[in-house]
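Hi,

Here's the structure I said I'd pass on.

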Amino acid sequence: MALNTFTKAGFAAFRRGRSELRLRRRHCKGTKKYTMLSQAVKKRSEQLVRWGTGDLTGAHQKPLFGLDAAELAARMVEAGETPWRGRQLAEALYRQRIGELEAITTLPTLLRLRLADEGWVVGRPRIAEAFQSVDGTERYLVQCQDEQTVETVWMPEGDGGEAGDGSGQELVETDESGKRRQRATLCVSSQVGCAVNCQFCLTAKLGFQRNLTAGEIAGQVIAAFERHGIEVGRDRVNLVFMGMGEPFLNYDNFMGAVRLLVQEVELSPQRMTVSTSGIVPGIERFAQEPPEVRPKLAISLNAPNDAIRREIMPINRKWPIEAVMGAMHQVPLRPRERITFEYVLLGGVTDRPEDAIEVARLARKTGLPVKVNLIVWNPGPGIDYTMPQPRR
Ligand code: SF4
């Protein structure tokens, strides 16, 4: 279809969309995971803004968000445009973080009209609800185009500007204009629900619903950046792919999202960490990724030995600790890079002094630079564990 042959209906929808921005508030049912905070003391709903294109269900909408610059260029060429229009689109979607097609003013109006008429939308996931904790942590329900929601968690670091290293020193970093640099960690989901069935995890109770697309994974990051006014290059945000789902069971989309974030948003893969429950073929594949796009690796260990791990993580029956460690050795580490062992402390199950000694031995035995990240288990409904005593 040529540029100027959009239908009258499409044009009307475009005009309607401009004049009738719809404000809508959704109340979503939350799901909670052991890593997520339980102190939701303040609830803040964001209003959803949707540009009315005549199809509010999203069923026939084609998202541009999630396509990289080359794919966008290919779409533009298909539309009879020059490939650099794809570069303009990538700039608008990933650097300028524009959320509505009509607002991408670097594209000619007629082209935007035509894209809208063909069903193209930006289609970036949106924060539907936000829950804020007293320590500044924010938990978001991020809504995809099909209205499915996933959790994303924003954890500010250096609370109050403190160094966070026990020195009590103020560490307020500013840019040249005196603006304070933000520091935070963002926990991102890769699937809706999860099939891995770790016994201590609330997400496991949902079962596996579906994989997130690359755009839906990267979109959680952009939505949070937009909310906090993050400036890439100035602010320091670490990404951890440790939210809902097992990233290595959605490998292509997970790595697709990483590539978008590295190549289009210009984030460093060394500020990203992916956590796996121990999917050996996934770790082996990950080891082949070039360092320019390979995040750091974390293994969700959670137990000192196979006997305990089998009980709390059934996946261990398929890939026991030794197999996971073997695969882990294939990942070439960058200078000063370490592998993290995530370790959830379950009261009386994994938090005994002998467990600590066994974990330390295990870590040493790898012969790799490893650090252990202890996570206090958060209770959840229907999960039969207890929190560890503070002394433990
Ligand atoms: Fe939960 Fe385990 Fe799935 Fe992670 S891998 S989301 S801990 S069930």
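Predicted model: local features only at pLDDT ≥ 70, side-chain atom pairs only at ≥ 80, totals over all residues.

Residues are numbered from 1 along each chain as its sequence is written.

Back to that pair. The axes of H8 (residues 280-287) and H11 (residues 321-328) cross at roughly 10° and come within 9 Å; axes are lines fitted to C-alpha atoms over the stretch in contact, with angles from 0 to 180 degrees between N-to-C directions. From H8, Val280, Ile283 and Glu284 meet Ala323, Val324, Ala327 and Met328 of H11 (contact means C-beta atoms, placed from the backbone, within 7 Å).

Then there's Leu89, in helix H3 (residues 84-95). Leu89 is buried because 29 other C-beta atoms lie within 10 Å (buried is 20 or more, exposed 12 or fewer, partly exposed in between, with C-beta atoms placed from the backbone). Beyond neighbours within four places in sequence, Leu89 contacts Leu64, Leu72 and Ile104. Ala69 is 20 residues from Leu89 in sequence, yet their C-alpha atoms are 7.6 Å apart.

For the whole chain, I get twelve helices and 16 strands, as DSSP runs numbered from the N terminus (helices H or I, at least four residues; strands E, at least two). Of the 392 residues, 41% are buried.

Cheers

Technical notes
Contact = placed C-beta atoms within 7 Å.
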